[in-house]
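Let's take a friendly walk through a protein model, one feature at a time. Keep the picture beside you as you read.

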Amino acid sequence: AIANQPDLQQIILGVDFFMFNASLDNQPSFEENRLGKKHIITKDIINTLFSLDTFNISRETITASLKTANKNNNYGENGFMPNRNANNGATKWRFEQSIQLYFELHSDYQFSQQYWSDFIKIVELCRQNNIDFKVFISPAHATQWESIEVTGKWDIFEQWKRKLVEITPVWDFSGFNSVTTETIKPKMNNYVDNSHYSPKIGNLIIDRLFDYNSKAIPEDFGTLLTRDNVEQHLAKIRRDRTLWSENHPEEVKLVRDIKTKLDSQKSNK
């Protein structure tokens with residue numbers, strides 16, 4: 001970003017616990033060689049212009065478009081594809097799939113020193129270039145945090161936050177607040193699944209980061225973590241989790257049932 005925009009003044013980075021998991025690699029299509037350049041690398045040009053697969057897929061797309069107009073264009077004017085009808089009655093199924101994905105990918109979570117080094121480099125680059133760097137922890141649903149507890153990684157989760165604030169202050173929207181504890185139901189205001197939140201919640205995050213329209217933001221949504229207050233904050237989240245689990249036994253059961261089912265499948269293989 002700095003290579004292509006030397007006058008960059010501000011960066012907002014959303015981080016989550018899972019980004020620092022040593023067992024997760026980059027996607028196969030990722031090329032480190034693309035970074036720091038103002039042009040498309042030669043490999044990408046060749047693969048795009050002279051790939052037989054790309055040619056055939058393009059030909060099939062054009063042929064299909066000529067035969068039948070695309071009646072299900074889900075892309076917005078800005079090129080992004082909003083989630084298709086988030087309140088279509090499949091909310092619980094999406095939650096179940098997201099929780100299961102967490103268990104499949106992160107049950108054996110371990111810190112990656114390389115990913116920590118990458119994060120430190122980002123912070124240092126911003127300081128060297130006088131860039132206002134704002135970091136926030138995303139407000140996943142309470143069942144996401146319960147999944148971490150069920151896998152016995154809660155201590156590592158807390159240690160992750162401690163390590164973050166040693167590097168830079170961080171806005172924490174995670175935990176068990178009035179946004180993240182929304183009851184799972186067919187039509188939800190805050191969530192699509194247990195890790196993807198609605199644009200409304202995204203706007204609340206931005207408002208908190210810039211101290212804008214603060215009266216419209218729930219008081220318990222967003223805490224600026226520093227070395228001075230991190231232990232107090234972590235203790236509060238522990239207390240909040242106890243209260244949430246007592247008031248939401250069905251959601252606790254949902255998380256634990258999925259974990260039990262996956263463990264049973266593994267033991268039977």
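## A parallel pair to start

The model you are looking at is predicted. Begin with strands E1 and E2, the latter covering residues 132–137: the two pair in the parallel sense, over six bridges. One of the links to look for joins Gln10 to its bridge partner in E2, Asp132.

## The whole sheet

Now widen the view. Four strands make up an open sheet, and their order is E1-E2-E3-E4. The pairing in this sheet is mixed. Which strands stand at the edges? They are E1 (10–15) and E4 (223–225); each has a single partner strand, so one side of each is left without a neighbour in the sheet. On average, neighbouring strands here are turned by 30° against each other, direction ignored.

## A helix across the strands

Next, find helix H7, made of residues 199–209. H7 lies across E1, E2 and strand E3 (170–172), and runs at about 135° to E2.

## The largest pocket

The largest pocket has a volume of about 1,200 Å³. It is lined by 31 residues, and those closest to its centre are Asn26, Phe30, Leu35, Asp118 and Ile122.

Which helix gives the largest share of the lining? That is H4, with eight residues. Helix H4 spans 113–128, and strand E1 also supplies at least two residues of this lining.

Note on methods: Residues numbered from 1 in each chain as written. Predicted model: local features only at pLDDT ≥ 70, side-chain atom pairs only at ≥ 80, totals over all residues. Heavy atoms only, no water. Pairing = 2+ DSSP bridges. Axes fitted to C-alpha atoms, helices over the stretch in contact; angles between N-to-C directions. Contact = heavy atoms within 4.5 Å. 1 Å grid on protein atoms, 1.4 Å probe; cavity = no way out; pocket = protein on both sides within 12 Å on 5 of 7 lines; lining within 4 Å. Points joined across faces, edges and corners; volume = space filled by probe spheres on them.
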